[in-house]
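Biologist: Please bring the model up. I have some questions about it.

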Amino acid sequence: MNGSNHSLAIRGTTLSVALLIVFLTAWQWGPGLLRIPPFIIPPLSAVFNEAVRMWNVSGLAFHTGITAAEVLAGFILGSLLGASIGYLIGMSPTAEFALSPYILALQIAPKVAFAPLFILWMGFTIYPKILVAILIVFFPVMVNVLTAIRTVDPDLINLARAFKAKRAQIFWRIEFPASLPPLFAGLRIGSTLAVVGVVVGELVGGNAGLGYLLSFGEGQANTAMVFVAIVMLTLVGGLAYLLVILIELRVLHYLPKRAQMGF
Amino acid sequence: MPDLIRLEYRNVTMRFTQGASRLTAVEGVSIAVRDGEVVSLIGPSGCGKSTLLNIGSGLTAPSEGEAFVDGERVEGPNEHVAFMLQKDLLLPWRTVAENVMFGVEIQGVPAAERRRRAKSLLETLKLAEFSGHYPHQLSGGMRQRVALARTLAVDPTVLLLDEPFSAVDAQTRMVLQRELAQTLQRAGKTALLITHDLLEAVTLSDRVLVMSRRPGRIIDEIPIEIPGRDDPLKRRLHPKVAGYVNRLMERLDIGHLETTGAPV
């Protein structure tokens, strides 16, 4: 079984790399062959040159750093908030009953629409961007934790109770560890959503971050710059996602390997 | 003290209210299990057997009557009783040894003593080499052995067993039954075993109690007069077994309509 898994990994990786090469080739020569002008789709080499130019002249590293810092801050704070509220509500059916309509309403409301409001409140600083990210990360994390707490096998709780477990012992020994796999599923979603929140905040107002470069490039009709910003945003999001996966692999090491793979 | 009563139900009645309808699960049940005795409780699905287990372990209070363990009235969960269900209830994030120590850990037994007990139980139940494994790496029968070890680790005087082997395959079940029987015998534990398996009831017990359909009452008591309670594999070959099983089938009305296959 291990051998077949191994060969699957080799075949899969080969195919992935092949797809990447096909994609990059198509990007480089496709637009020219199809007579698509460079201001619609600039070829790969033009985007690469633009990236080098931006790195040297436009402070690409600085803007990427700002965005990454906002994403990280928003993601961590949003996750902490979402998880804490999820645990609190999960343990109090009354609180859940009372709060559920508001939670639902806030969940339905498009969080990115709050971005202009936050900028009005806090100006062109990094804080409104972090706040949008917090808001957007909050929900998937909270909902996953809440569901996890509610679906813990009551027989497990009874088992602990039969051993005379106190409420805190039931939480720390059963409910909390049982909630970790869904929590991490929420964190995975949250890590990618944090980027969305930050970018929207930066697009709406400010003079720093990849979102700012995005709208600056748009204003200059510099399509290559827009592409560079998109690629960098994807990298930032990918790194955040990878970070979650790495922590998850450590924390949930007891799960069968199959359950940990996949996205 | 051979006649010491370890577990006793005195005139226990349990009613549940579900919306407008009231349901009597068990009615006027009195059971007394002596020290070291293994008693099986058998009856149709939904006759309230598991309700009795919950009352005995102090998880639910009866509507009427009372339960006693070691002469003390059961007011809530207590150290004298431990239960084991059809589900192994192993915690997937704990290793086998850590799962065995779960109960003693909650009860605040010192770490060294916890490890000592886990080690000796894992050795007795032939699980020593798996103590560092996680539950998902074990077979169903092994998981159930771990659950048994966890139940025994808290050193209860009374074990309440609710169809502990009904989810494992027939051959594994026979092996587990023998291990349970030997363990109970060696440790001198008292046990109330709830089962659907007539042969399991006869081969493992000193006495079999038969419950009626809902509302559950005790309708028969059959002492099993076959020697060698610690070896159910040998015991099941005894010529008297067929007679007991036959009597149980009659008492449970098996072969007539609606007695089997009802959902739990």
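Modeller: First, a term: buried means under 20% relative accessible area, exposed means over 50%, and partly exposed is in between (1.4 Å probe, protein chains only). This is a predicted model: local features need pLDDT of at least 70, side-chain atom pairs count only at pLDDT 80 or more, and totals for chains, interfaces and linings use all residues. Residues are numbered from 1 along each chain as its sequence is written, chains are lettered from A and ligands numbered from 1 in the order in which they are written, and side-chain values use heavy atoms, without hydrogens and water.

Biologist: Is Ser79(A) buried or exposed?

Modeller: Ser79(A) sits in helix α3 of chain A, residues 60–91. Helices are DSSP runs (H or I, at least four residues), as are strands (E, at least two), numbered from the N terminus. Contact means heavy atoms within 4.5 Å; leaving out residues up to four places away in sequence, Ser79(A) touches Val137(A), Val141(A) and Leu187(A). Its relative accessible area is 9%, so Ser79(A) is buried.

Biologist: Which element gives the largest share of the nonpolar patch?

Modeller: Patch residues have over 30% relative accessible area and no salt bridge; like charges are joined within 9 Å, nonpolar side chains (Val, Leu, Ile, Met, Phe, Trp, Tyr) within 5 Å. This surface patch includes Leu72(A), Ile76(A) and Leu243(A). Elements giving two or more residues are α3 and α10 (223–251) of chain A. The largest share, four residues, comes from α3(A).

Biologist: How is Leu243(A) classed by its relative accessibility?

Modeller: Leu243(A) belongs to helix α10 of chain A. Its relative accessibility is 41%, so Leu243(A) counts as partly exposed.

Biologist: Which three residues supply 34% of the area that chain A buries against chain B?

Modeller: Buried area is the accessible area (1.4 Å probe) that two parts lose on being put together, summed over both. Chains A and B bury about 2100 Å² between them, with 68% of it on carbon and sulfur atoms. More of chain A's share than from any other three residues comes from Phe163(A), Arg173(A) and Tyr254(A).

Biologist: How far apart are the closest N and O atoms of Glu105(B) and Arg173(A)?

Modeller: A salt bridge is a side-chain nitrogen of Lys or Arg within 4 Å of a carboxyl oxygen of Asp or Glu. Across the interface of chain A and chain B, the rule finds four. Glu105(B) and Arg173(A) form a salt bridge, with their closest N and O atoms apart by 2.6 Å.

Biologist: Why does the pair of Asp153(A) and Lys87(B) join two chains?

Modeller: Asp153(A) and Lys87(B) form a salt bridge, with a closest N and O distance of 3.0 Å. Asp153(A) lies in the loop between α6 (127–150) and α7 of chain A, and Lys87(B) in the loop between β6 (81–84) and α2 (96–100) of chain B, so the pair joins two chains.

Biologist: What is the relative accessible area of Asp155(A)?

Modeller: Asp155(A) also meets Lys87(B) in a salt bridge, at 2.8 Å from N to O. Asp155(A) is partly exposed, because its relative accessible area is 23%.

Biologist: Is Glu75(B) buried or exposed?

Modeller: Glu75(B) forms a salt bridge with Arg73(B), with closest N and O atoms 3.1 Å apart. Arg73(B) is partly exposed, at 40%. Glu75(B) has 64% relative accessibility, so Glu75(B) counts as exposed.

Notes. Accessible areas come from the Shrake-Rupley method with a 1.4 Å probe; for residues, only the protein chains shown count as cover.
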